[in-house]
Amino acid sequence: MTQPIKLTRYPGNPILVPSPHSPWETDNVFNAAVVERDGLVYMLYRAQGLDRISRIGCAISTDGYRFNRLSQPVLEPATEFELYGVEDPRVTFLDGIYYMLYTAYSPHGVRIALARSTNLIAWERMGIVLPDEDNKDAALFPRKIGGRYVMFHRRPPDIWIAYSDDLLHWTDHQVVMSPRPGTWESVRIGAGGPPFYTDHGWLVFYHGYNEQRVYCLGLALLDLENPARVIRRQDAPILCPDAPWEYWGDVPNVVFTCGGIETADEYRIYYGGGDHVMAVASVSKQEVLSFLQG
Ligand code: BMA
């Protein structure tokens, strides 16, 4: 039997920690979307400060490990659906535009919200997606399928997909994957960042949660034309809390990803540790190939 695929932590973790200098990010910086643009790596991270409201900050890097942050958030609560915060961004580049799906949290509950940008810093709100239901963990696919946009979303406890012509109205909702009883992902699961396109299918990094209240990350492969069809799903998690900044934090025992990047030879997955700091871990494409080929 082949060994399960695992992510290897970057030895310099954590790569982003709260800042005592900015009131809006004194407490936690975590669950970032990460995107490459013109040779720079942009991290759009969820920050919580003195008021405990979540905002989205931006940090920029030339090597993907050492980041400099902008002094002000790039997105902060502005609508009635965002009163308690804007959380867990996932960013996708599609047809020349960056789209951010994020969680809008307010007395209405949690909603999926959408914003767009051409430079990853100035964001324009497009509206609330699925306005009538509590939902989160949404991520837009980086390519259209059959001429339509596709996104992951989460109706607890499952990962779902839906299709759209305009990014705001979504139909053809289907369950993609469900929790597996008695495992690390027994209670609920949710998509990580946008899936990676490969010749063999959509490669998905996702999170799972169990009765012990531990968040781990898992790996799955979905059909390119019909991503509701799961081609393969690894039994073992690819990353579980095991470092101090993962098992101790604002919320203990959490590794949670909202995105990663693909380099020539590896997948680099960025993740929040303990809802408190940002870290990164990677796996070589060579190693993933056995999973893709089955
Ligand atoms: C989920 C989300 C994430 C968070 C995780 C662990 O429901 O709120 O933002 O990282 O819980 O607390």
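**Cysteines, ring contacts and open space in a predicted model**

With a relative accessible area of 1%, Cys-258 is buried (buried means under 20% relative accessible area, exposed over 50% and partly exposed in between, with a 1.4 Å probe and protein chains only). The model is predicted, so local features need pLDDT of at least 70 and side-chain atom pairs count only at pLDDT 80 or more, while totals for chains, interfaces and linings use all residues. Residues are numbered from 1 along each chain as its sequence is written, and side-chain values use heavy atoms, with hydrogens and water left out.

The sulfur of Cys-258 has its closest cysteine sulfur in Cys-58, 15 Å away, which is too far for a bond. Cys-58 is likewise buried, at a relative accessible area of 0%. The link between Cys-216 and Cys-240 is right-handed, with 110° about the S-S bond. Because Cys-216 belongs to strand β17 (residues 215-222) and Cys-240 to the loop between β18 (230-233) and α1 (244-247), the pair ties together parts that are 24 residues apart in sequence. Helices (H or I, at least four residues) and strands (E, at least two) are DSSP runs, numbered from the N terminus. Cys-216 is buried at 2% relative accessibility, whereas Cys-240 is partly exposed at 28%.

The structure holds 14 aromatic pairs; rings of Phe, Tyr and Trp (its six-membered ring) pair if their centres lie within 6.5 Å, and planes under 30 degrees apart count as stacked, over 60 as edge-to-face and the rest as tilted. One of these pairs is formed by Phe-141 and Trp-202, edge-to-face at 5.0 Å centre to centre and with 75° between the planes. Phe-141 sits in the loop between β10 (136-140) and β11 (149-155) and Trp-202 in strand β16 (residues 201-209), so this contact ties together parts that are 61 residues apart in sequence. Both Phe-141 and Trp-202 are buried, the latter with a relative accessible area of 1%. Trp-202 also meets Tyr-197: the ring centres are 5.4 Å apart and the planes are at 80°, so this pair too is edge-to-face. Tyr-197 is partly exposed, at 29% relative accessibility. Ring pairs join Phe-141, Phe-152, Tyr-197 and Trp-202 into a cluster.

Charges also sit over rings (NZ of Lys or CZ of Arg within 6 Å of the ring centre and within 35 degrees of the ring normal). Lys-144 lies over the face of Tyr-149, 4.5 Å from the ring centre. Over the ring of Tyr-209, the charged end of Arg-188 is placed 4.4 Å from the centre.

Grid points are joined across faces, edges and corners, and a volume is the space filled by probe spheres set on the points. The largest pocket has a volume of about 460 Å³. It is lined by 18 residues, of which Phe-93, Pro-142, Phe-196, Gly-260 and Glu-262 are the closest to its centre. At least two lining residues come from each of β2 (28-37), β6 (85-94), β15 (196-198) and β19. By class, the lining of this pocket comprises eleven nonpolar, three polar and four charged residues (Ala, Val, Leu, Ile, Met, Phe, Trp, Tyr, Cys and Pro count as nonpolar, Asp, Glu, Lys and Arg as charged, and the others, Gly among them, as polar).

The second largest pocket has a volume of about 370 Å³. Asp-88, Lys-136, Tyr-215, Phe-256 and Asp-275 are the closest to its centre among the 20 residues of its lining. Two or more lining residues are given by each of β2, β6, β10 and β16. Here the lining has nine nonpolar, two polar and nine charged residues.

A search of the whole structure finds one cavity of 30 Å³ or more. The largest cavity holds about 50 Å³ of space, and its lining includes Gly-193, Phe-205 and Ile-269. Strand β19 (residues 255-262) provides the largest share of this lining, three residues. The cavity lining has four nonpolar, four polar and no charged residues.

Methods
On a 1 Å grid over the protein atoms alone, a cavity is a set of points where a 1.4 Å probe fits but cannot get out, and a pocket is an open set with protein on both sides within 12 Å along at least five of seven lines; lining residues have an atom within 4 Å of a point. A disulfide is a pair of cysteine sulfur atoms within 2.5 Å.
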